[in-house]
Each structure stands twice: as structure tokens, then as C-alpha cells.
Amino acid sequence: MQNDTLLESYSHTIEGALCAYDVQVGNTLKDAQAIHILECLLDIYHFGDTVSNPGDPVVADGVQYVDKAIKADAPDIDIKILVKILAVLRFVAHRRAKNADTSREYMTIIHQYTGVRVGSGMRAIPNI
């Protein structure tokens with residue numbers, strides 16, 4: 001995605017929204033929960049699920065939070081492209097999370113390199 005600025009901006013929207021939601025829940029979002037949020041979004045956009053009931057209220061709220069960011073920042077995105085981006089981000093998150101149930105490795109990386117979505121097209125990246 002790094003060679004295509006549009007795809008990169010879409011992925012930053014999603015990861016930035018995950019970071020912002022993590023801040024909202026007190027920086028407690030585990031990698032497994034972030035992965036589950038991405039999987040629920042895949043269920044909605046790829047499989048056409050109208051309701052995604054993940055069972056975990058943190059995940060359910062996260063799905064709504066990230067979905068709202070996608071609709072605000074990329075209202076005209078082709079669904080096939082969105083699905084591919086979600087699938088890639090899910091793969092990367094899964095690969096980065098050594099022990100997804102307890103780790104925050106993926107979340108730490110995206111906080112550091114993507115930053116927190118603070119508005120449409122705007123992210124706050126902490127000092128490294």
C-alpha cells in the first residue's frame with residue numbers, strides 16, 4: 001500500500017480509528033480485540049452481514065467506531081477495495097500479535113506509526 005497514497009490513506013483511516021478507539025477505552029484494547037473488530041468489519045462488508053454481534057461489548061462498540069470513521073473519511077470507497085484493505089490489515093495485525101489475547105504489540109505499532117485519528121484526514125502521531 002505504500003506505493004499508492006489513496007490506499008495508504010484508507011488504511012490510515014482504519015488504523016487511526018482503532019488507535020482513537022483504544023484511547024477512548026483507556027488504552028486497554030488488546031490485539032485480539034482489534035483483530036476481531038477487523039473481522040467483524042469484513043463480515044459486514046464482504047459477507048453482507050447486516051448485524052455483527054461479536055459478544056464482546058468493547059469489540060461491538062469498536063466496530064461501530066471504526067465503521068463510522070470509514071464512512072466519514074472514505075464515503076465513496078469501492079467495497080472490493082475496502083475488503084482487501086481490511087483483509088490486509090487483519091493479516092498484519094495477526095502476524096504482529098505474538099499472543100493476541102494479552103498482547104498490545106500491534107496496537108503499540110500503529111499508535112507509533114499511524115497515530116490517533118482526530119478528525120477526517122487528521123491523525124496525531126506521538127513523538128518517537
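I started with Glu39, which counts as partly exposed because its relative accessibility is 27% (buried is under 20% relative accessible area, exposed over 50%, partly exposed in between, with a 1.4 Å probe and protein chains only). The model is predicted, so I kept local features at pLDDT of at least 70 and side-chain atom pairs at 80 or more, while totals for chains, interfaces and linings use all residues. Numbering runs from 1 along each chain as its sequence is written, and side-chain values use heavy atoms, without hydrogens or water.

Next I looked up the partner of Glu39: its side chain meets that of Arg90 in a salt bridge, 2.9 Å from N to O (Lys or Arg side-chain nitrogen within 4 Å of an Asp or Glu carboxyl oxygen). Arg90 is in helix α4 and Glu39 in helix α2 (residues 31–45), so the pair ties together parts 51 residues apart in sequence (helices are DSSP runs of H or I, at least four residues, numbered from the N terminus). Arg90 is partly exposed at 25% relative accessibility.

How many salt bridges does a search of the whole structure find? I got three.

Arg104 pairs with Asp22 in another of these, with the closest N and O atoms 2.9 Å apart. This pair joins distant parts of the chain, 82 residues apart: Arg104 sits in the loop between α4 and α5 (105–113), and Asp22 in helix α1. Both Arg104 and Asp22 are buried.

I then turned to Asp67 and Lys71, whose side chains meet in a salt bridge at 3.1 Å, N to O. Both lie in helix α3 (residues 57–73), four residues apart, or about one turn of the helix. Asp67 counts as buried, at 12% relative accessibility.

Conventions:
Helices (H or I, at least four residues) and strands (E, at least two) are DSSP runs, numbered from the N terminus.
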